[in-house]
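Dear colleague,

I am passing on the structure we spoke of, with the sequence alongside. Please have it open while you read the notes that come after it.

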Amino acid sequence: MAERYAPAIAEPTFDPIGKSAKHDSAALHVSGEAVYVDDVPMPKGGLETYCLLSPKPHAKIVSIDLEDVLNSPGVHAAICWKDIPGRNDVGPIFPNEPILANGVVEYIGQPVVAIAADNVKRARAAAKKAKIVYEDLPAVLTIDDAMAQKAYVAPPNKMERGDVAAALANAPHRLKGEFANGAQDHFYLEGHIALAHPLEDGQMRVLSSSQHPSEVQKMVAGCLNLSANQVTVEMRRMGGGFGGKETQPAIFACIASLLARRTGHAVKYRVDRDDDFMISGKRHDFRVRYEVGFDDDGNLLALDIEYAARAGHVADLSTSIVDRALFHTTNTYFIPAVRATGYPCKTHTQSNTAFRGFGGPQGILAAEHIVDRVARHRGLDPLTVRRRNFYGPAPRVQTHFGQTVEDFVADKIVADLAKDVDYDKRRKEIDAFNAANPILKKGMALCAVQFGISFTAIQFNQAGALVHVYNDGSISLNHGGTEMGQGLHVKIAQIVAHEFGVALERVRITATDTGKVPNTSATAASAGSDLNGQAARRAAAEIKQRLAQFVAGLHGVSETDVAFANGEVRAAGKTMKFEEVVWRAYNARVSLSATGFYATPKIHWDRAKAWGRPFFYFAYGAAYCEATIDTLTGEYKIDRAEILHDTGRSLNPAVDLGQVEGGFIQGMGWVTSEEIWFDKTGRLRTHAPSTYKIPIARDMPTQFRARLWAPAENVEETVHKSKAVGEPPLTLAAAPFLALQDACAAAVPGRYPLLVAPATPERVLNAIDKARAGA
Ligand code: MTE
Ligand code: MOS
């Protein structure tokens with residue numbers, strides 16, 4: 001029998017777990033060769049899309065006349081909701097979330113008419129010729145208005161433990177307050193995009209920039225009146241998702257598919273940046289009201305807190321996002337009596353959606369603001385008050401939703417970081433600087449994060465994988481997770497290579513495809529590597545076991561005497577190359593393909609009772625920041641950021657560190673410069689880089705150092721004892737925010753110049769001016 005082995009690898013990486021293997025697409029990213037949906041060559045006759053968006057925040061559509069649009073040069077189709085053969089609905093949890101406005105428009109920017117033409121310029125020109133008559137309806141545009149009218153997209157939710165009223169009444173001190181955080185646009189470099197190919201017999205194949213191909217498959221099938229097995233969705237990589245592509249790609253994929261069905265041509269819908277801003281949802285802005293009770297030493301005794309979130313015109317994921325704010329409302333702190341209420345407010349604006357942290361950052365920022373205020377009220381150092389209120393030891397171990405915190409390490413991380421940065425010394429130096437400088441003021445803050453890992457909708461905590469070993473010894477890996485730059489694929493390839501004892505380079509990662517692994521969950525909740533890693537490991541382990549059995553048979557030894565390492569298989573004192581074993585096994589008719597499946601153990605959650613164990617474990621981290629503000633202009637600089645983050649036993653320290661740094665800076669943008677602003681008519685006025693400011697190189701902290709905390713572990717049996725890393729570091733943004741708050745406080749001694757997020761220079765200036773005026 002002829003031997004057909006895969007070509008030898010020049011520099012094999014053996015035993016890759018815990019090694020800083022480079023991102024599998026690093027070279028392709030840098031050279032520009034990495035293929036995104038827009039890089040896929042258009043099939044012959046392919047068309048492009050433009051959508052006419054609603055100019056009204058809330059109005060009835062009295063009539064739509066598309067005749068002139070259809071007669072416009074190059075136009076192949078123009079459709080509105082009446083032309084949808086199946087369901088006009090992409091609601092992930094609740095129904096009635098239209099693809100195209102369903103007789104009423106509910107925000108400025110909502111797609112009303114979709115046009116396919118030879119090219120997007122012609123589609124855009126044709127759109128101007130549509131004749132649509134609207135009849136205005138009253139619009140709810142702010143959280144305050146929605147709360148006043150009790151306008152919600154879903155019923156409010158509550159988590160409660162202890163007798164809050166009594167605990168507040170008995171507390172030696174009480175503070176009431178209002179806080180707020182702004183929204184945030186995802187600003188993925190690659191905007192929303194889909195390319196739909198109509199296939200034989202009514203079937204559809206869609207390339208979609210999506211964190212959730214299975215959801216896109218379901219929604220496309222729904223709108224075309226097809227079953228799931230008639231639609232295939234493929235996703236090689238996204239140019240960033242950040243949660244914005246968890247549910248919302250479905251709208252764009254459905255529009256492209258509807259037009260493809262209508263015209264019989266392939267149709268691409270590539271949304272330009274302004275339209276992406278106008279159509280798609282963002283991080284939820286929140287209004288927070290609270291009352292906190294505490295003692296002389298700043299020990300927290302009771303918290304009654306109300307979160308009102310701008311959900312937008314439909315529910316999307318807002319209920320789960322508000323839930324996550326409630327889960328994280330005590331962050332790293334044990335508070336005996338807690339009542340947290342959440343309102344998903346219905347407003348006639350974009351449907352806000354998942355964004356890195358998924359409500360967690362909003363809850364944590366509010367918690368850190370409250371502790372900061374309590375500390376200042378008592379004249380204590382905020383870090384001292386933080387440490388006093390940490391979880392543990394027993395009985396200070398139970399959260400307000402019934403979960404026992406079994407893996408608390410925030411105290412240790414904070415101790416290490418405070419020592420590293422010489423916190424007490426810096427406090428004195430900064431106080432001395434402030435005493436000597438009337439105009440420039442410095443501030444500092446050190447805070448920690450505790451982020452729950454698992455989807456709180458328990459059914460999503462499952463994953464599948466498909467591994468093939470070809471008979472030349474090369475390995476093909478497919479799993480339900482999607483790559484958005486976070487380095488999920490390389491981590492899972494590391495896991496599979498480790499399982500087979502082969503070089504990482506032997507494993508080829510393939511595009512996520514609903515035809516290969518079905519019924520997948522979104523790559524979200526930071527659980528991508530936890531879930532898919534385990535599934536892929538099990539698939540590989542199954543094939544490995546078959547190979548071991550085969551080799552054991554050859555040598556007359558037991559299966560457990562066969563070892564896989566360094567690209568070789570050893571048994572009975574003999575060594576064979578992995579590829580040789582594979583080739584022989586193939587010829588002996590051993591199956592070399594397997595699926596793997598994983599479901600997270602131990603978790604349960606009763607949403608009605610708001611009690612259970614929703615999280616498999618917690619991820620922890622801490623950040624220390626310093627800032628300088630100019631009290632004449634409000635301008636500032638983040639001078640220093642030091643991060644210590646717990647990723648368990650990191651699968652890939654370089655990739656994890658990239659997530660820590662990127663997440664932190666993205667969070668810093670959210671609490672500092674990124675401001676989503678609507679005018680009085682409900683029109684989003686910040687819809688391009690000209691008006692919306694994400695952090696750039698100049699905004700990086702002058703001194704910036706992130707490290708992975710050692711000796712990190714995971715008390716739970718996660719894949720190789722690693723921890724999720726994607727979202728938790730974003731919440732460390734509380735540190736730069738509170739450093740700015742500290743600097744503001746230094747500007748107006750004895751008062752509390754209240755900062756809300758984002759702390760833009762205008763807000764910093766206003767906070768100081770107001771406090772000086774005695775407000
Ligand atoms: N990192 C990059 N580079 N790009 C992204 O879009 N998304 C974040 C995070 N890190 C994102 C990212 C979000 S919102 C989540 S939930 C996780 O990655 C998802 O991937 P994971 O589960 O593999 O960590
Ligand atoms: Mo991330 S917000 O869970 O997609």
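Below are notes on the ligand site, on one pair of helices and on some backbone details.

Please keep in mind throughout that this is a predicted model.

To begin with the ligand, there are 18 residues around ligand 1, and those that come nearest are Gly-241, Phe-242, Met-484, Gly-528 and Gln-659. Sorted by class, this shell is made up of six nonpolar, 10 polar and two charged residues. The backbone of the protein supplies several polar contacts: a nitrogen atom of ligand 1 lies 2.9 Å from a backbone N or O atom of Met-484, while an oxygen atom of ligand 1 is 3.4 Å from a polar backbone atom of Ser-526 and an oxygen atom of the ligand is 3.3 Å from a polar backbone atom of Ala-527. Taken alone, ligand 1 exposes 520 Å², and 92% of that is buried by the protein.

Gly-528, listed above among the nearest residues, also falls in helix α15, which covers residues 528–555 and packs against helix α16 (residues 578–587) at an angle of about 85°, the two axes being 10 Å apart. Angles from 65 to 115 degrees count as roughly perpendicular, and α15 and α16 are therefore roughly perpendicular to each other. On the α15 side the contact involves Leu-547, Phe-550, Val-551 and Leu-554, which meet Phe-578, Val-581, Val-582, Arg-584 and Ala-585 of α16. By class, this contact has eight nonpolar residues, no polar ones and one charged residue.

The last notes concern the backbone. Most residues other than glycine have a negative phi, and most peptide bonds are trans. Phe-242, one of the residues that come nearest to ligand 1, has a positive phi of about 55° although it is not a glycine, and Phe-242 is found in the loop between β11 (231–235) and α7 (249–263). A cis peptide bond, with omega about 10°, joins Ala-394 and Pro-395, and Pro-395 sits in the loop between α11 (382–389) and α12 (410–420). The peptide bond from Ala-757 to Pro-758 is also cis, with omega near 0°, and Pro-758 belongs to the loop between α18 (734–747) and α19 (761–772).

How values were computed: Residues numbered from 1 in each chain as written. Chains lettered and ligands numbered in written order. Predicted model: local features only at pLDDT ≥ 70, side-chain atom pairs only at ≥ 80, totals over all residues. Heavy atoms only, no water. Near = heavy atom within 4 Å. Polar contact = N/O pair within 3.5 Å; in protein donor to acceptor, adjacent residues only side chain to side chain. Areas by Shrake-Rupley, 256 points an atom, 1.4 Å probe, with all protein chains shown as cover. Nonpolar A, V, L, I, M, F, W, Y, C, P; charged D, E, K, R; others polar. Axes fitted to C-alpha atoms, helices over the stretch in contact; angles between N-to-C directions. Helix = DSSP H or I, 4+ residues; strand = E, 2+ residues; numbered from the N terminus. Parallel < 35°, antiparallel > 145°, perpendicular 65-115°, else oblique. Contact = heavy atoms within 4.5 Å.
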